[in-house]
Amino acid sequence: MYKLTTSTIAALEEMLQNTARSAPQDFLPIHFLGGASAGQVIGHLNPEFISYLQESLAKHPIAEVTMGHDRLTIHHARPLILSGSLAKLADRMRQGAFIPGWRHEDFAWIDENGHEYFRLERAAFRTFGFRSMATHINGYTKAGKLWLSRRSETKATDPGRLDNLAAGGIGADETPWVNARRELWEEAGVPAQISDQIEPVGRIHMRRAIPGKGFHDEQLYIYDLELAENFIPTNHDGEVSGFIEISLSEAAARILADEFTSDAAFVTADFILRNSKAS
């Protein structure tokens, strides 16, 4: 265990109590009608997007989608059909410049029982506030150091901020385990014989409004990975500009100085608290 000041630990603990925030009252709820998830609120729409979407749907309706003054409703249909309707909805929002950073990759919306209801362009999930999934991997050494990446300045979200050794959204055809190992290779050059050793340590549910954009609702699957003292991460996909190896106390200071992405800050704070004690 590594020592941190009592005040630092208290600050990190307080931060971790605020991972899942409610949507602002002026955000329009998105309801799901029909099926096992009937009546569930599955997303939230930024009020800045509402008038555009209301006018668009009034002129050109989309099957399985209706919009009233107090909610947007998505009607249950077979996943392939519903995915097609929501793809049209997302493309409509893209044309209105409400979905930046289009990726041509799909996320899946999965209910609490593990059933997939639809797939949609990953960039649209935040616009509609749909719950997505991601993995974050803490890379650490026996000497008590953490490896952190710095996001590329060309990233659509959080450019230049500190992130975990590797992290990424879980694609529609991936499991958390498969995604974590893929991201470790692409972002940090961790070969399979090392990434096989990842240890699942928990989940963090992140929910927060993104000013001027949408609502971030994501389930983070957290892994720890011990790295050899002589291991040096190497980025392969261009999404990382570099890496730093720092102590837990310095990582805590950088979290409190707001140098991290929001998700990585919580994941790193959780790692620090699991491996520290007050001095």
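Helices here are DSSP runs of H or I with at least four residues, strands are runs of E with at least two, and both are numbered from the N terminus. With that settled, hello everyone, and let's start in a loop. Glu64 is found between helix H2 (47-59) and strand E4 (65-67). Glu64 is not a glycine, yet it has a positive phi of about 70 degrees. Its relative accessible area is 24%, so Glu64 is partly exposed; buried would be under 20% and exposed over 50%, with a 1.4 Å probe and protein chains only.

Before going on, a word on what you are looking at. This is a predicted model, where local features need pLDDT of at least 70, side-chain atom pairs count only at pLDDT 80 or more, and totals for chains, interfaces and linings use all residues. Residues are numbered from 1 along each chain as its sequence is written, and side-chain values use heavy atoms, leaving out hydrogens and water.

Asp158 also has a positive phi, near 55 degrees, and is a residue other than glycine. You will find Asp158 in the loop between E9 and strand E10 (162-163). Asp158 counts as partly exposed because its relative accessibility is 29%.

Now to the aromatic rings. How many aromatic pairs does a search of the whole structure find? It finds 13. One of the pairs is Phe128 with Phe130: their ring centres are 5.5 Å apart and their planes are at 25 degrees, so this pair is stacked. For the cut-offs, rings of Phe, Tyr and Trp (its six-membered ring) pair if their centres lie within 6.5 Å; planes under 30 degrees apart are stacked, over 60 edge-to-face, and the rest tilted. Phe128 is buried, at 1% relative accessibility, and Phe130 is buried, also at 1%.

Finally, the largest pocket. A pocket, on a 1 Å grid over the protein atoms alone, is an open set of points where a 1.4 Å probe fits, with protein on both sides within 12 Å along at least five of seven lines; lining residues have an atom within 4 Å of a point. The lining has 47 residues, and Arg103, Arg122, Arg126, Arg151 and Thr157 lie nearest the centre. Which helix or strand gives the largest share of this lining? That is H4, with five residues. Others that supply at least two residues each include strand E8 (131-140) and helix H5 (176-188).
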